[in-house]
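Colleague: Could you take me through the helix packing and the aromatic contacts of this model, one question at a time?

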Amino acid sequence: MGDKRERKYKSKKDALIKKSREAMLAAVQIYNNPLIKFKSESFLTLAVIAWTYLMHAYYEQLGVDYRYYKKKGTRKQFIKTDCGAIKEWELSKCIKANESPLNAVVKANLEFIIGLRNEVEHQMTNVLDQAVSAKLQACALNFNHYLTEWFGKKNGIENELVMSIQFSGVDPVKQRELSKMKGLADNVYNYISQFETDLSDTILQSKEYSYKIMYIPVSVNHRGQADTVVEFVKATPEMEEQVKNIVMIKESEKKKYLPKQIVKIMREEGYVKFSMTMHTNLWQNNGHPLKTPIYGSLVAGKQWYWYETWVNYVRDYCKANADILCNN
């Protein structure tokens, strides 16, 4: 009887691993297909399915019950769908469970993916690919990392995930135009901005949250030399110093702050009497509002967010008035 249960356990775990691999491969293949225009939306949906199956396989291996149920005395009463199937944890529940082994950065990436998937279900958008590609790349790499860490190298899909061939070079002018996210639906733009407002710099700068690379064209003129599109080399101190002086194209957003966050920052720095009213009076500046592109921006025409430059402005004000803003 015990052997039968063990075979059933292995069979379900193996089936979940297989399906999770298939879902992620389908996500990447669709995203890399130049004939398909619905790239990011398809990737988001399939990636959520892939990660859900992967987490279920992990919990299956640990013996964690990832089904929804209510306790009726000492017995479990499983919650079922309208069609009679037992409900199992969705991805959000999987990554928040106490048994989840995912680190904070990978969780942040998946929370971003889940939330964005929910947004695009309800609103068409035209430029999503350029706006979120770095997060999708990180999602795929994180998936393969945990797939091989939990279930062995034999299940890895790194050899099947190749770089997509480009029909145009990296054009700085084009990149600046894309960075404006023209055509992006308001709800999606708001979601991206608001989601990243509360993230730490450590998470925002991690390749597990948003994977970015820099391309340097290389000419190979000698027979027999390697002809791969991407080559990884170990950076020397000299190379690192050179890179510091290169103007790189990055998919980045300025960090944004809401007024309540700025007030909290100032109070934590010791200016305990600094208030929301003081903040409002400061930016209103006696009838000459300081809501300008230097200090912040209006997101999708609805919510004003302040930049780091404004936080520094407020900090300088607090320093100049420390005698009345700090505890005596």
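Colleague: Which residues in α12 do His279, Leu282 and Trp283 in α11 meet?

Modeller: This is a predicted model, and what follows is computed from it. Helix α11 covers residues 276–284 and helix α12 covers residues 308–320. By class, the contact of α11 with α12 divides into six nonpolar residues, one polar and no charged. On the α12 side, the residues that meet His279, Leu282 and Trp283 are Trp310, Tyr313, Val314 and Tyr317.

Colleague: How are α11 and α12 oriented to each other?

Modeller: The axes of these two helices are 12 Å apart, and the packing angle is about 110°. Angles of 65 to 115 degrees count as roughly perpendicular, and α11 and α12 are therefore roughly perpendicular to each other.

Colleague: Which residues of α2 make the contact with α4?

Modeller: The crossing in which α2 passes α4 is left-handed. From α4, the contact is made by Val106, Leu110, Ile113, Ile114, Leu116, Arg117 and Val120. By class, the contact of the two helices has nine nonpolar, one polar and two charged residues. From α2, the residues that make this contact are Glu41, Leu44, Thr45, Val48 and Trp51.

Colleague: How many aromatic pairs are there, and what is the geometry of the pair of tryptophan 51 and phenylalanine 143?

Modeller: Counting rings whose centres lie within 6.5 Å, the total comes to 16 aromatic pairs. For tryptophan 51 and phenylalanine 143, the ring centres are 5.8 Å apart and the planes make an angle of 80°. Since planes over 60 degrees apart count as edge-to-face, the geometry of this pair is edge-to-face.

Colleague: How many residues apart are tryptophan 51 and phenylalanine 143, and are they buried or exposed?

Modeller: This pair links distant parts of the chain, with tryptophan 51 in helix α2 and phenylalanine 143 in helix α5 (residues 128–151), and the separation is 92 residues. Because a relative accessible area under 20% counts as buried, tryptophan 51 at 1% is buried, and phenylalanine 143 at 0% is likewise buried.

Colleague: What class of pair do the rings of tyrosine 146 and tryptophan 150 form?

Modeller: Both residues lie in helix α5, four residues apart, about one turn of the helix, and both tyrosine 146 and tryptophan 150 are buried. Their ring centres are 5.1 Å apart with the planes at 50°, so the pair is tilted.

Colleague: Which residues do ring pairs link into a cluster?

Modeller: The residues of the edge-to-face pair, tryptophan 51 and phenylalanine 143, and those of the tilted pair, tyrosine 146 and tryptophan 150, belong to one cluster.

Colleague: Which residues does serine 100 touch, not counting residues up to four places away in sequence?

Modeller: Serine 100 lies in the loop between α3 (91–96) and α4. Its relative accessible area is 12%, and serine 100 is therefore buried. With the neighbours up to four places away in sequence left out, serine 100 touches Met55, Tyr59, Cys94, Ile95 and Lys107.

Terms used:
Residues numbered from 1 in each chain as written. Predicted model: local features only at pLDDT ≥ 70, side-chain atom pairs only at ≥ 80, totals over all residues. Heavy atoms only, no water. Left-handed = near helix turned anticlockwise from the far one by under 90°. Contact = heavy atoms within 4.5 Å. Nonpolar A, V, L, I, M, F, W, Y, C, P; charged D, E, K, R; others polar. Phe/Tyr/Trp six-rings, centres within 6.5 Å; stacked < 30°, edge-to-face > 60°. Buried < 20%, exposed > 50% of the residue type's maximum accessible area, 1.4 Å probe, protein only. Axes fitted to C-alpha atoms, helices over the stretch in contact; angles between N-to-C directions. Parallel < 35°, antiparallel > 145°, perpendicular 65-115°, else oblique.
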